[in-house]
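We will go stop by stop.

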Amino acid sequence: MIDETFVDLSRLQFAITALFHFLFVPLTLGMTWILVIMESVFVMTGREIYRDMTKFWGKLFGINFAVGVATGLTMEFEFGTNWSYYSHYVGDVFGAPLAIEGLMAFFLESTFVGMFFLGWDRLTRRQHLGVTFLMAVGTNLSALWILIANGWMQNPVGAEFNYQTMRMEMTSFAELVFNPVAQVKFIHTVSAGYVAASMFVLGISSYYILKGRDVSFAKRSFSVACGFGLASILCVILLGDESGYEVGEVQKVKLAAIEAEWETEEAPAAFTLFGFPDSEEQVTYAAVKIPYAMGIIATRSLDEEVIGIDDLEVKHEKRIRNGMLAYEYLEKLRNGQDTPENVATFDTLKADLGYGLLLKRYTPTVVDATDAQIQQAVKDSFPKVGPMFWSFRIMVGCGMIMLVVFVLSFYYNAHRVIEQKRWLLWAAVFSIPLPWIAIEFGWVVAEYGRQPWAISEILPTFLATSSLTTNDLLISIAGFIVFYTGLAIVEGWLMLRFVKQGPSSLHTNKYHFEQINQQPNDEQGANA
Amino acid sequence: MIFDYETLKLLWWLFIGILLIGFAVTDGMDMGVAMLLRLVGKTDSERRTVINTIGAHWDGNQVWFITAGGALFAAWPMVYAAAFSGFYFAMILVLFALFFRPLAFDYRSKIDTYRWRNNWDWALFCGSAIPALVFGVAFGNLFLGVPFNIDNLLRASYQGSFFGLLNPFGILAGLVSITMLMGHAGMWLQLRTDSDVATRSGQYGRYALLAFIALFAAAGVWVANMNGYQIVSMPDTQSYANPIGKVVTTAPGAWLNNYSAVPLTIVFPILAFAMAVLALLFSKMGKPALGLASSSLMLVGVIMTAGASLFPFVMPSSTNPDVSLTMWDAVSSHMTLNVMFVAAIIFVPLILGYTTWCYVKMWRKVTVDEIENNTHGSY
């Protein structure tokens, strides 16, 4: 039988390590482009303050990047260590984008990141800018391939189950790459990273302006961040991930859960701004609804309906019953009765094999499941509505606040009065955590919302684990918690230290703390 | 499809070998450098000199390892699944050790106190010595067979323990791994540093090479006498991947079968020994560039020796030899191997190209003088 504690611990470990890793990824994704912008201005104008900006923000980028690299290693190990049946079952498809990520993107990013930090004296200005640019390209390509892999977990196209090898096998590489879910996920995720980096630079620059130190340095950084940030937040919101929720069955389930749409509504569906969803009763209490909004968000139209949980349940039950048959034939085929008729019958049923596997939780033999067990499996085929509902709203709420901050920052910066708007500068400082909160909850929506599947409609999460013991997992989880806490402390401490020092940490003798005994004069930095 | 399934399987066996060689020659060298760090660098400036020889490259070098992992996942998913979950605590240990490296490289220079830097030096040492040791131990255990089984739905389960890996032969293989990387790194440091640091690097590098020669020879004798695995019958190599369809037996000395079947393969162990001796001599003669070239070829020899001895096995099972994983049957589908092969032939030359450019741009002897005059532009 399936050991639920063991499965939950496997999921917990992956969730901890993945969410922790993704605290460091967004800044890397966005900061590389901010560095490209700053350094381009330096190369074009020759004004050294822009090189100092590139170097200083590059330092903070580096402190963050180191932990991103370290925690990223975990992600590559973990499919094999903790999800070994998953690795076998879908490695033929899922492994390819990961390997290509290494060859095409991670090599590029990592090779040039060293040159970015240590190549200043050994490269010409243009060469160094080229290095920074390639580092940014590599970083973002990395995200592309990872999200192609992740997109395939959400919407597994271009692959087929092979009973002989007992796994999914690739049928079309192009379909895998051009998976619509992967494409929208890529845009949504990288622009969220750009927002995070922009908010980081915006908030820290605001702090310097508020403290009246290195003001010309900070204002220039602020300008870059508010422009890039505004463009990025618009991109995140307008090209939201939800647009991909139309494609693929599990994406529809997610959407219904996000909206707590217990019954299919007539188009265009309303968006529940607030409420208390109750999974048992299948009602949302105290719901505050905005007419039309959900229909527009999800379908980009007024006449397509957003399908509700009631209709999905009916569908899932049919597929589970089909899946039982599929499993029956799979057993026959695996036990040598692979007659052409059996193969042909299995081929017509195999799309529902995954639904049949959901029953393994209740009966290892699948085919003898009772009606009650089937009903239970139908219930299992949805994620819990509460966490989905709230995570989505927290994400969107953070996004809306950031939109306001970026719009106002951009507006007042364009009118050159940003220094007088101290309330806005403080708002920017306190908004620094928002992109991270939004991003982490966004991942909860995407991955928790995929449950009960490891691969949508193909492989239930509880079957995807390794053959380890609960004790093994307790030990490794304890290890991860200890190590990751240590990493977070060292990283946070170092980051704060350098943020406090500001550009003085470059030791160019131009900035605040090195000017303390002389006349404080920020413009010196700008004119040097 | 460019090649038939059987050819692609062979090419992927070769390509995984190339990635492992790339890993050993580049990232393995960085690990060796970190292991030598405290021996050859006595002062902070000397240690910074050592670190800055690889400062701009360690991150790119590490991707050889990451890509080898990714390629294993894509090309040999069953091996990735069985090995990573089977060697669970060994892998977790390696992972925790590897956390130290990016941080140590990036953070060490950021604060100038003895305690801070000394701690990061130890972090670098552990972050390098532990993975080097564990990889060697894991390789050694492949020769002994790994206690795992595979059921009819192809779920792998491991029956051994972490401490079971630490058997005498496993530890011997771990020491081979450590000494070969230290020897290789000694050549690199002798070439890229000067005065005292270079002298000490050459010296310790040569000690390591001597130890490597002895340990590698001992391992060879051991392998010749241990129980090796051999295939009695197996499904057609052109047909779909089926790791549970063959019959395998064990016999003393069977790991040497390939050398009598294809006598040419004897060049691999010869290469390993000859190049180790040459590296020693070149280092002694004060020609570290040739020493480095020799030690690189030595690593090629060692990895190919291991591969050729095990061939076609990748991960033999001591629990149930019939489910041993081989490069014929633990592989991806024809299509995936093909797609990945195309990706590899496009990107590997590009990678080699821009990596070379970076090495050329950063090439110089890193001297203590330079390091002391440039405290903020280097690690």
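**Stop 1**

Select residues 4–21 of chain A. This is helix H1, with 18 residues. From its first C-alpha to its last it reaches 25 Å, close to the 26 Å expected at 1.5 Å a residue. Keep in mind that this is a predicted model.

Now pick out the buried residues of H1(A): Phe6(A), Val7(A), Leu9(A), Ser10(A), Gln13(A), Thr17(A), Phe20(A) and His21(A). What covers them? Show helix H2 (25–45), H3 and H18 of chain A, which are part of the cover. Then show helix H5 (88–107) of chain B, which is included too.

**Stop 2: a salt bridge across the chain**

Select Lys510(A) and Glu48(A). They form a salt bridge, and their closest N and O atoms are 3.7 Å apart.

Which of the two is buried, and which is partly exposed? Buried means under 20% relative accessible area. Lys510(A) has 12%, so it counts as buried. Glu48(A) has 27%, so it is partly exposed.

**Stop 3: a strand tied to a helix**

Go to Arg167(A) and Asp92(A). Here is another salt bridge, with the closest N and O atoms 3.9 Å apart. Arg167(A) lies in strand S2 (residues 167–170) of chain A, and Asp92(A) in helix H4 (residues 84–118) of chain A, so the pair ties together parts that are 75 residues apart in sequence. Arg167(A) and Asp92(A) are both buried.

**Stop 4: a helix and a loop**

Next, select Asp380(A) and Arg361(A). Their side chains meet in a salt bridge of 3.6 Å, N to O. Asp380(A) is in helix H14 (residues 371–380) of chain A. Arg361(A) is in the loop between helix H13 (353–357) and H14 of chain A, 19 residues apart from Asp380(A). Asp380(A) is buried, at 15% relative accessible area. Arg361(A) is partly exposed, at 25%.

Stay in that loop and select Val366(A), which is also between H13 and H14 of chain A. Val366(A) has a positive phi of about 65°, although it is not a glycine. Most residues other than glycine have a negative phi. Val366(A) is buried, with a relative accessible area of 0%.

**Stop 5**

Select Asp214(A). Its phi is positive too, about 45°, and it is not a glycine. Look for it in the loop between helix H7 (180–211) and helix H8 (215–238) of chain A. Asp214(A) has 1% relative accessibility and counts as buried.

**Stop 6: a buried glutamate and a cis bond**

Select Glu447(A) in helix H17 (residues 434–448) of chain A. Glu447(A) is buried, with a relative accessible area of 16%. Which residues does Glu447(A) touch, not counting those up to four places away in sequence? Show Asn150(A), Gln154(A) and Lys185(A).

Move on to Gln451(A) and Pro452(A). A cis peptide bond joins them, with omega about 10°. Pro452(A) is in the loop between H17 and strand S5 (453–455) of chain A.

**Stop 7: two helices crossing in chain B**

Switch to chain B. Select helix H1 (residues 5–40) and helix H12 (residues 288–310). Their axes come within 9 Å and cross at roughly 140°. The crossing is right-handed. On H1(B), the contact residues include Trp13(B), Leu14(B) and Gly17(B). On H12(B), they include Ser296(B), Leu299(B) and Val300(B). By class, the contact has eleven nonpolar, three polar and no charged residues.

Then select Phe311(B) and Pro312(B). A cis peptide bond joins this pair, with omega about 0°. Pro312(B) is in the loop between H12 and strand S5 (313–315) of chain B.

**Stop 8: a covered helix and a network**

Select residues 77–86 of chain B. This is helix H4, and ten of its ten residues are buried. Among them are Met78(B), Tyr80(B) and Phe84(B).

For the last stop, select Asp44(B), Arg47(B), Arg108(B), Asp112(B), Arg117(B) and Asp121(B). A network of salt bridges links them. How many salt bridges are there over all chains? The count comes to 28.

Terms used:
Residues numbered from 1 in each chain as written. Chains lettered and ligands numbered in written order. Predicted model: local features only at pLDDT ≥ 70, side-chain atom pairs only at ≥ 80, totals over all residues. Heavy atoms only, no water. Buried < 20%, exposed > 50% of the residue type's maximum accessible area, 1.4 Å probe, protein only. Helix = DSSP H or I, 4+ residues; strand = E, 2+ residues; numbered from the N terminus. Salt bridge = Lys/Arg side-chain N within 4 Å of Asp/Glu carboxyl O. Axes fitted to C-alpha atoms, helices over the stretch in contact; angles between N-to-C directions. Left-handed = near helix turned anticlockwise from the far one by under 90°. Contact = heavy atoms within 4.5 Å. Nonpolar A, V, L, I, M, F, W, Y, C, P; charged D, E, K, R; others polar. Expected span 1.5 Å × (residues − 1).
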